[in-house]
Amino acid sequence: MTRRIAVLAGDGIGPEVTAEAVKVLEATGKQFHFQSALVGGAAYDAVGQPLPPETLELCRNSDAVLLGAVGGPKYDKIQPPSMRPEVGALLPLRRELNLYANVRPAKAMKALLNASPLKSNRGLIDLVVIRELTGGIYFAEPRERRNEGNTAVDTCMYHRHEIERITHRAFAIARQRRNEIVHVDKANVLETSRLWREIVDEIAKANTDVKVTHMLVDNCAMQLIREPSQFDVILTENMFGDIISDEASMITGSLGLLPSASLSDPKDGHVFGLYEPVHGSAPDIAGQGRANPIAAILSGALMLRYSFEDDETATRIETAVEHALEAGLRTADVFEHGCRLVSTSEFGDAVVFKLQAAA
Ligand code: IPM
Ligand code: MG
């Protein structure tokens with residue numbers, strides 16, 4: 001069966017890293033049909049809007065979406081702000097495609113232990129952040145400037161059903177791992193957090209096979225540095241998940257390493273998803289072949305695992321990435337003495353080589 005993949009490369013390093021992910025997917029020997037579309041600043045430059053209707057339509061007609069990154073300083077001043085790449089493309093994509101479950105695994109790779117700022121003595125990080133992606137302060141109204149622009153309002157709102165569905169997803173994922181969930185919130189201050197706690201506790205009571213604890217987000221930020229190995233599944237709301245997942249990624253060695261999956265409800269046995277690196281468009285290094293393609297390549301692996309039920313090929317890609325690292329190849333962000341500095345595409349080539357060597 002040929003799978004249709006919409007490729008939205010976007011801005012900055014997006015096109016460079018996405019090209020490597022496509023190259024690696026093609027090298028798996030599976031049947032894919034890739035179709036590209038404009039998104040983000042690139043779309044704004046070409047057609048005057050960050051998410052052209054044709055792009056959204058292509059995504060709807062595809063089996064999965066592979067996204068690079070959007071945004072950059074060039075687009076920061078666009079008016080109205082709703083036309084900026086992040087707010088005008090990424091958020092509506094997530095919302096329109098109902099991608100409410102954001103899965104962000106953070107796992108240390110043996111070859112990169114020295115790249116972690118924590119070094120190895122604090123226990124290895126191997127966790128997954130389950131971030132609610134279509135609610136909370138990113139989306140709720142009102143969101144506006146008032147008093148001649150001197151006052152600004154963002155609203156954080158959650159409905160019971162939004163919390164329930166992501167919590168059930170987290171339980172399902174916890175059951176494939178250590179049966180433990182740490183729910184992260186700010187219940188000592190926020191009403192939305194207290195609603196989350198109530199609902200998470202209700203679901204925990206009915207599902208006692210998974211152990212659930214609650215942790216305040218500031219404490220979680222600290223505990224991640226102190227002892228990352230204590231976490232397995234972190235369940236949290238949209239904005240806390242954004243912040244905690246960047247922190248978790250750096251503990252693995254580089255922001256350039258972490259893939260993510262944004263999933264919708266299963267339909268006809270198929271889970272539609274959008275797959276993208278956790279990192280952004282990194283305009284400072286764009287176009288120089290310096291970007292680390294690992295997050296994008298691993299996002300392709302997650303696509304196989306979650307949308308195409310092909311765990312075997314996903315694991316083959318992940319192993320090929322580890323083998324390329326073990327062979328001493330490094331992009332600049334994770335470079336260390338004694339390794340060979342390679343470009344974005346050289347690293348992609350090495351992954352393809354390892355993939356084929358293992359076949
Ligand atoms: C992410 C990014 C986005 C987010 C930005 C670019 C809107 O940081 O996917 O983590 O905050 O969700
Ligand atoms: Mg982020």
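This is a predicted model: local features need pLDDT of at least 70, side-chain atom pairs count only at pLDDT 80 or more; totals for chains, interfaces and linings use all residues.
**Entry on helix H5.** I then looked for the partner of Arg-160 and found a salt bridge with Glu-164, in which the closest N and O atoms lie 2.9 Å apart. Both residues belong to helix H5, and because they are four residues apart there, about one helical turn separates them. For Glu-164 I recorded a relative accessible area of 26%, so this residue is partly exposed.

**Entry on Asp-126 and Arg-177.** I next examined a salt bridge between the side chains of Asp-126 and Arg-177, with an N to O distance of 3.3 Å. This pair links distant parts of the chain, 51 residues apart: Asp-126 lies in strand S5, whereas Arg-177 lies in the loop between helix H5 and strand S8. Asp-126 is partly exposed at 32% relative accessible area, and Arg-177 is partly exposed at 29%.

**Entry on helices H9 and H10.** I found that Arg-305 and Glu-318 form a salt bridge whose closest N and O atoms are 2.8 Å apart. Arg-305 sits in helix H9 and Glu-318 in helix H10, so that the pair joins distant parts of the chain, 13 residues apart. I recorded 23% relative accessible area for Arg-305, which is partly exposed; Glu-318 is likewise partly exposed, at 23%.

**Entry on the whole structure.** How many salt bridges does the structure hold? I recorded 25. I also noted a network of salt bridges that links Glu-20, Lys-23 and Asp-349.

Conventions
Residues are numbered from 1 along each chain as its sequence is written. Chains are lettered from A and ligands numbered from 1 in the order in which they are written. Side-chain values use heavy atoms; hydrogens and water are left out. A salt bridge is a side-chain nitrogen of Lys or Arg within 4 Å of a carboxyl oxygen of Asp or Glu. Helices (H or I, at least four residues) and strands (E, at least two) are DSSP runs, numbered from the N terminus. Buried means under 20% relative accessible area, exposed over 50%, partly exposed in between (1.4 Å probe, protein chains only).
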